[in-house]
Amino acid sequence: MPTYRDGLKLLARACAIGLLSALGACGTFYVDSNLHDLAPSERVGVANPKPVQLLFDFQTKGASNSRARDELVAPVTKAVQDSALFSDVGPAPAAGGALLQVTVNNVPLTDDAFARGFAVGFTFGLVGTTVGDGYVCTVDYVGAPDAAKITKVERDAIYTSLGATASTPEHATKAKSLDEAVHLMLHKCVGNALNDLARDPAFSK
Amino acid sequence: MTARKTLRRLAAVALLALASAGCAATIGQPQASLSGIQAVRQQDLPPIALGTFGPGGSVSASDDRATTVRAINTLAAPGGTFSGYLKTTIESDLRAAGRLDPNAPVVLEGLLTRREIVSSVGTGRAALAAHFTLRRDARVLLEKDIAVDATWDSSFLGAVAIPDAINNFTGLFERLSVKLLTDPDVKSALDAHAR
């Protein structure tokens with residue numbers, strides 16, 4: 001049975017989330033640095049890039065968040081273009097029928113984050129007034145109508161500190177704004193997942 | 001300070017957060033999915049035109065325009081009606097799969113017969129149902145009711161529960177569209193028409 005202490009923890013976490021949603025740009029934002037933004041020299045090259053139809057979905061706890069998706073489709077498209085794996089990237093059907101679905105799922109970071117695949121160096125839960133948000137980035141690629149689907153997954157995190165006494169996350173890069181943090185997280189996540197995709201022998205077939 | 005007092009203060013902060021979040025919510029544009037496109041490809045559907053979509057069954061015209069979430073938050077249908085949003089969602093899936101043709105002889109029409117959001121503390125649930133009619137000229141090829149629903153953990157706090165409810169509800173439009181376009185009866189009716 002939940003105790004008052006359990007109730008307080010839940011309510012405090014929910015308050016922080018609610019306040020962040022309500023106040024938007026308040027707080028200090030950090031992007032976890034375990035996953036880095038790829039330099040051009042680190043990117044896998046392809047000999048004959050093909051056009052691809054890009055589909056993007058942003059989810060919150062597994063449910064599609066259509067407003068966030070509309071806001072973030074542009075930076076995701078840019079991240080896919082920056083990978084240089086495709087000759088053309090757009091929402092319309094591509095010649096050859098190649099499909100690329102990018103799904104970014106925003107999940108709350110809790111004490112079982114490690115077990116869920118987040119390689120991060122931070123104590124989760126509500127530590128002082130710092131909260132963590134996990135992002136699971138999945139890319140699904142189908143090279144042709146009759147081709148098998150290839151799936152690659154990367155994970156990243158954004159931390160938000162509220163107030164002067166908030167703890168500073170370890171292994172994280174400070175961002176100037178929430179907007180910058182989200183754009184950096186997307187560029188890293190999508191870029192690394194696409195690099196994994198390009199390394200897969202089935203990608204070039 | 002006792003735990004009870006702290007809890008009260010935090011609850012007040014939460015209510016403030018909810019109030020700051022405003023009382024009107026909106027939905028973004030529909031987006032096709034890879035699974036939906038692949039399913040349409042596997043069905044090998046012919047080009048389809050979309051006809052009239054509107055409210056039907058127990059869904060009134062005002063139900064079709066907006067709903068409330070947690071009593072005080074109004075969710076207005078994007079584009080004016082939820083039935084129109086369903087049409088736009090199906091349109092998006094067909095277009096992405098290369099199967100949308102406004103001049104196609106096969107026309108799909110729909111009546112939104114159920115739209116429901118319940119975001120009570122504990123478990124939230126949403127449901128969507130529609131009556132679809134597939135025609136070629138005046139001839140009805142198929143009439144079918146299709147429904148989808150969802151349940152999720154619903155927070156005590158409206159600031160958390162309301163966006164969760166909206167996301168789960170709007171996700172049902174894409175699920176209903178994919179369920180329709182991959183329905184074996186749709187495929188059978190179109191195959192019979194082709195013979």
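This is a predicted model: local features need pLDDT of at least 70, side-chain atom pairs count only at pLDDT 80 or more; totals for chains, interfaces and linings use all residues.
Along the sequence, chain A reads α-β-β-β-α-β-β-β-β-β-α. Chain A has 205 residues, and 41% of them are buried. Among its contacts with a separation of 6 or more, 79% join residues 24 or more positions apart.

**The core**

The largest nonpolar core has 83 residues. Those with the most contacts inside it come from both chains: Val80(A), Leu100(A), Cys189(A), Val190(A) and Leu86(B). H5(B) gives the most to this core, with 13 residues. In soluble globular proteins, nonpolar side chains tend to be buried together.

Leu86(B) touches Phe53(B), Gly110(B), Leu112(B), Ala130(B), Phe173(B) and Leu176(B), leaving aside residues up to four places away in sequence.

**Helix H5 of chain B**

H5(B) covers residues 158-181. Of its 24 residues, 22 are buried, so the helix is mostly covered. Its length also checks out. At 1.5 Å a residue, H5(B) should span 34 Å. Its end C-alpha atoms lie 35 Å apart, which agrees.

Two packed helices are described by the angle between their axes and the distance between the axes.

| Helix pair | Axis approach | Crossing angle |
|---|---|---|
| H2(B) and H5(B) | within 9 Å | roughly 15° |

Angles under 35 degrees count as roughly parallel, so H2(B) is roughly parallel to H5(B). The crossing of the two helices is left-handed. On the H2(B) side, the residues involved are Ser35(B), Gly36(B), Ala39(B), Val40(B) and Gln43(B). They meet Glu174(B), Ser177(B), Val178(B) and Leu181(B) of H5(B).

**An exposed loop residue**

Where is Asn103(B) found? It sits in the loop between helix H4 (82-96) and strand E5 (106-118) of chain B. Is Asn103(B) buried or exposed? Asn103(B) has 6 other C-beta atoms within 10 Å. A residue is exposed at 12 or fewer, so Asn103(B) is exposed. Asn103(B) and Thr74(B) are 29 residues apart in sequence. In space, their C-alpha atoms are 37 Å apart.

Key:
Residues are numbered from 1 along each chain as its sequence is written. Chains are lettered from A and ligands numbered from 1 in the order in which they are written. Helices (H or I, at least four residues) and strands (E, at least two) are DSSP runs, numbered from the N terminus. The expected span of a helix is 1.5 Å times one less than its number of residues. A residue is buried if 20 or more other C-beta atoms lie within 10 Å of its own, exposed if 12 or fewer, and partly exposed in between; C-beta atoms are placed from the backbone. A nonpolar core is a set of buried Ala, Val, Leu, Ile, Met, Phe, Trp, Tyr and Cys residues joined through C-beta atoms within 7 Å. Two residues are in contact if their C-beta atoms, placed from the backbone, lie within 7 Å. Axes are lines fitted to C-alpha atoms, for helices over the stretch in contact, and angles run from 0 to 180 degrees between N-to-C directions. Angles under 35 degrees count as roughly parallel, over 145 as roughly antiparallel, 65 to 115 as roughly perpendicular and the rest as oblique. A crossing is left-handed if the near helix is turned anticlockwise from the far one by less than a right angle, and right-handed if clockwise.
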